[in-house]
Number of protein chains: 2
Amino acid sequence: MIKAQANVNIALIKYWGKKDEVLFLPYTSSLSLTLDNLYTITSVEKISNHSDIFILDDKLMSQAETIKVSKFIDFFRTDQKRLKITSHNNFPTAAGLASSASGYAALATALNRLYRLNLNKSDLSKLTRLGSGSASRSLFDKFAVWQTGDNETSQAYHLASDLDIEMIIVIIDEKKKSFSSRDMMKKTVEQSRYYQAFVKQSENDFKAIIKAIADLDINLVGQIAERNAFMMHGTMLALDEPFLYLKPESFQVIEFVRELRNSGLVAYLTMDAGPNLKIITDSKNSSLVLEKLSNEFSYQLIHSRPGKGSLIL
Amino acid sequence: MIKAQANVNIALIKYWGKKDEVLFLPYTSSLSLTLDNLYTITSVEKISNHSDIFILDDKLMSQAETIKVSKFIDFFRTDQKRLKITSHNNFPTAAGLASSASGYAALATALNRLYRLNLNKSDLSKLTRLGSGSASRSLFDKFAVWQTGDNETSQAYHLASDLDIEMIIVIIDEKKKSFSSRDMMKKTVEQSRYYQAFVKQSENDFKAIIKAIADLDINLVGQIAERNAFMMHGTMLALDEPFLYLKPESFQVIEFVRELRNSGLVAYLTMDAGPNLKIITDSKNSSLVLEKLSNEFSYQLIHSRPGKGSLIL
C-alpha cells in the first residue's frame, strides 16, 4: 500500500476555461499558493476485484465517481490489477476549496510510486492535469505555475520566492457548491461576452505578478490577484443568464476587508468557484486581520501559511 | 414664471460611458422606461440679480452647483437676465434614481417655453443631453431611445409600444451615492478591460430589445435588460480597483427576485449607479411581486407604471 499527501492550492492568477476539454489545456497560465494545513491523504493498493473501489471520507463513492477516477488511473496503470483508493480530506469537500486539486495531486503522487514510474514532478504534472487542471499545481511547494501550451508543454513548475505571504480563508458556506467549476468555466468559454478580454488581461496579470513576487512586493501581488479574481467573477455577469458564486454574506466580508486595507493593513481578496473568501496577507499582518475578522463575523476562519508540495508518507 | 414637470426614467439598455465628454455623446444607444410617479417639478423666472439662483428641495445650492446649472441655461438664454430656478423632487435626490435626468429634463422644458424657443422634443433632447445624458430620455412618454451619434444626430425619441410593463423599485439605501455615475463611467471608459466588449454587446442588446418590445414579449425584454444591467456592473469589476455599486443587501433581493421568477412570476432586474434594485414586471404580476417582496423585506417599495414625458404645468 502506498500513501501520499497533497495540499490545497489557491490560485492568485486564476485558471478559468479550457481550450481543450479532453487534454485539459487551459486558455491562460495560472499561478497559485500551496497551503500548509489543508490537504488530502490518499492510499492506493492493488486488489483482486473486477473494478476499482473508491472510498472518499469513509464513504464508498458511486459508480459514476469511480469510473472518473478509474479513467485517470488508466493513464498510470501498468498491469491489469484493480485498485482500492482511500482518500481523506481534512476540510469539507467541494466547499470551493479545490478538493479536486489536492485529491488528484495526492492520487497522482501515489500512483507514480505504486507503478514505479519515477516521473519527475513536471512530467507528473502533465498526467495530473488530466484529472483536474489545478491539481497540477498542488504537486509543488509554495508558488506554483501551471502554464498554458499543448499536451507536451502545458505543465506545472515551482516558482522560487522568499515573499512573506499568508492566507486567511473565510468559510461562508460549507455546503457543496451548486454549480461545479468544470461546468461553469465551460459555459463561460462558450457564452461570456467578457471571456476574450479576461484571457487578454490574465496574460498581463500573470507576467506582472511574477515580477511582483520576484520584487517581494506583497501589496502589488495582492492588488493583481484581487483584480484577477474579480475579473474572473465578472466573466459570469456576461453569460446569457448572469451568475454569481458569491453570496450576499461574501460581499459583507469583501467590504470589511477593504476597510481593513484602508486602515493600513495588508489584506487583499481572492475568490474561487464558491462563496468563500481568501484573504492574502503576510506574517506581520495576519494576527490582526484574524482578530478583526473574528470580532466582526462568526464564520470559521482558517489561517494558512505556504505549504509543501505533494509527498509520499 | 414658467413651471415644468419631468418624470424619472429607468434605462433597460444602459447609458454607460461617453465618447465625447464635452458634447455628452454616448458610446452606446440606450433605451428607457419613463415612470409615472417619480418626478421633478421646476420653475424658472427672470430676476434682477448678478447671477442665477438655484434652489433644490428648498435648499439654496452652492456656487459650484449653481455654475453648472448656469452653464446649461446659457445654451438656451436669449437675454442678459438672470434666473431663479426652483426645483423639487418627490423622491430622495441622488439615491440612484436618476434625479439629474428628471431635473435637467424639467429645466430644459421650462427654458424652452420661457425663451419661446419652440423647439420640438427631438431638438430639445439635443440641448437637454448637454446637462445630463439620460435627461434627454425623460422628455418622452413610456419608452424612449437616446441614440448615439454626433452632436447633430445624438438625440432622443419616443418608441411607441403597447407592451404591458410595470416597475417596482426597491430602496435599499436612500443615502447619496458615494461615487457619481459621471465620474465612474469616465473611469470605466478609461480603465475597464471589459468596456469594449460591453459596448459591442450593448449594440446587440439594443437591437434585440427593440424587437422584443415590438413583439410585446415582456419576458424577453426582461431577460435582455437584466443581462445588460449585470454587464454594466461587470465592467467595474475590471477596473484597476474593482468596484461595485451593489451592496450585500442588494444581492439578497437579487436572489429573491430570481426565486420569484423560478416560481413562475414575471420579475427581472435592473440596477443603476447605486445599491437600489428595479424590478421589471407587468400588470398581471406586479401585485403578487409587491406582496412577496413586502413579506420578505422591510425596504421601501415604489410601484411605478409607464409615465408621460415632460410637460409645462
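How many residues of chain A are in contact with chain B? The count is 19, and they meet 19 residues of chain B. Contact here means C-beta atoms, placed from the backbone, within 7 Å.

Some ground rules. This is a predicted model: local features need pLDDT of at least 70, side-chain atom pairs count only at pLDDT 80 or more, and totals for chains, interfaces and linings use all residues. Residues are numbered from 1 along each chain as its sequence is written, while chains are lettered from A and ligands numbered from 1 in the order in which they are written.

Back to the interface. On chain A, α5 (195-214), α6 (218-235) and α7 (248-262) each supply at least two residues of the side that touches chain B. Helices are DSSP runs of H or I, at least four residues, and strands are runs of E, at least two, numbered from the N terminus. The largest share, 6 residues, comes from α6(A).

Last, a strand in chain B. β4 (residues 30-47) runs antiparallel to β7(B), joined by 8 bridges. Pairing needs at least two DSSP bridges between strands. There, B:Thr42 has B:Ser87 as its bridge partner. β5 (residues 53-56) of chain B pairs with β7(B) in the parallel sense, over 4 bridges. B:Ile55 stands opposite B:Thr86.

Note on methods
Two residues are in contact if their C-beta atoms, placed from the backbone, lie within 7 Å.
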